[in-house]
Amino acid sequence: MGTAEPRPADRRLRLVSVQADGQPAPAPASDEELLRAFHRGERGIGLRLYEHLLPAVDRTLYRILGCREQDHADLVQGAFEQIVSTLAKRRFAGECSLAGWASVIACHIGLSALRARRRERKVIDRTPGTRESGAGPEPPAQSADPERAVSAQRDLEALRRHLAAMDGDRATALLLHAMGYSINEIAHLTGVSEAAAQSRLSRGRRELKARCEPDAAARRDPDRPEEPR
């Protein structure tokens, strides 16, 4: 879902754990150790979980939204609130990695934010100069062919628009698959059978293809009127 991702710009998302003597903290604990520490209520476990899962949460949100707008930190916080709540209720079965499970939660948060932004932009037609400074998409990578880069950026925006309009389970399966997860892993991450995960992925692909076909037709025939969204 996009090209190389820059490091998070918000310094609030880049905490580094240190010991009392100022030395770097030991190597990250395993998922099992973190879960045991969480359920024992060990001091500092919240920060340890945050540091362990932030890369997965931040990367997933960026891939879905394509930028880090000013509410990015709020979306990260929302994801971690769900993570902590689910752990506290002991609803994490441990059949997948904590990072993978956090990615699923971030998927749902990101898709909800994407839908909300699409609705907002339909109501408020943002004209040049109305968007807050720094709130726009990450600038496209340098390219020898600027026209091609702009076209690729337009295609990504269209893809995100279609994902926001799709069934949530199908969109989540597509996003997880795009992030490199296998069908078996997607099934574990989303709590369904492999057959159900494959069905969601297959239906998602068909739905996305059907949604993208009018865009492809419009590119072939620029004079063709755009279909209503």
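Which side-chain oxygen reaches to the backbone nitrogen of D169 at the start of helix 6? I found that the oxygen belongs to D167 and comes within 3.1 Å of that nitrogen.

I noted that this is a predicted model, where local features need pLDDT of at least 70, side-chain atom pairs count only at pLDDT 80 or more, and totals for chains, interfaces and linings use all residues. Residues are numbered from 1 along each chain as its sequence is written, and side-chain values use heavy atoms, with hydrogens and water left out.

Helix 6 covers residues 168-178; helices are DSSP runs (H or I, at least four residues), numbered from the N terminus. I listed its buried residues (under 20% relative accessible area, 1.4 Å probe, protein chains only): A171, T172, A173, L174, L175 and L176. After helix 6 I found G180, with a positive phi near 100°.

Next I looked up helix 2 (residues 45-65) and helix 3 (residues 72-88), whose axes come within 10 Å and cross at roughly 125°. Axes are lines fitted to C-alpha atoms over the stretch in contact, and angles run from 0 to 180 degrees between N-to-C directions.

Last, I checked helix 1 (residues 31-40) against helix 3: their axes come within 10 Å and cross at roughly 75°. Helix 1 and helix 3 are therefore roughly perpendicular. I recorded the contact (heavy atoms within 4.5 Å) as L35, F38 and H39 of helix 1 with V84, L87 and A88 of helix 3.

Note on methods. Helices (H or I, at least four residues) and strands (E, at least two) are DSSP runs, numbered from the N terminus. Buried means under 20% relative accessible area, exposed over 50%, partly exposed in between (1.4 Å probe, protein chains only). A polar contact is a pair of N or O atoms within 3.5 Å; within protein, one must be able to donate a hydrogen and the other to accept it, and residues adjacent in sequence count only if both atoms are side-chain atoms. Angles under 35 degrees count as roughly parallel, over 145 as roughly antiparallel, 65 to 115 as roughly perpendicular and the rest as oblique.
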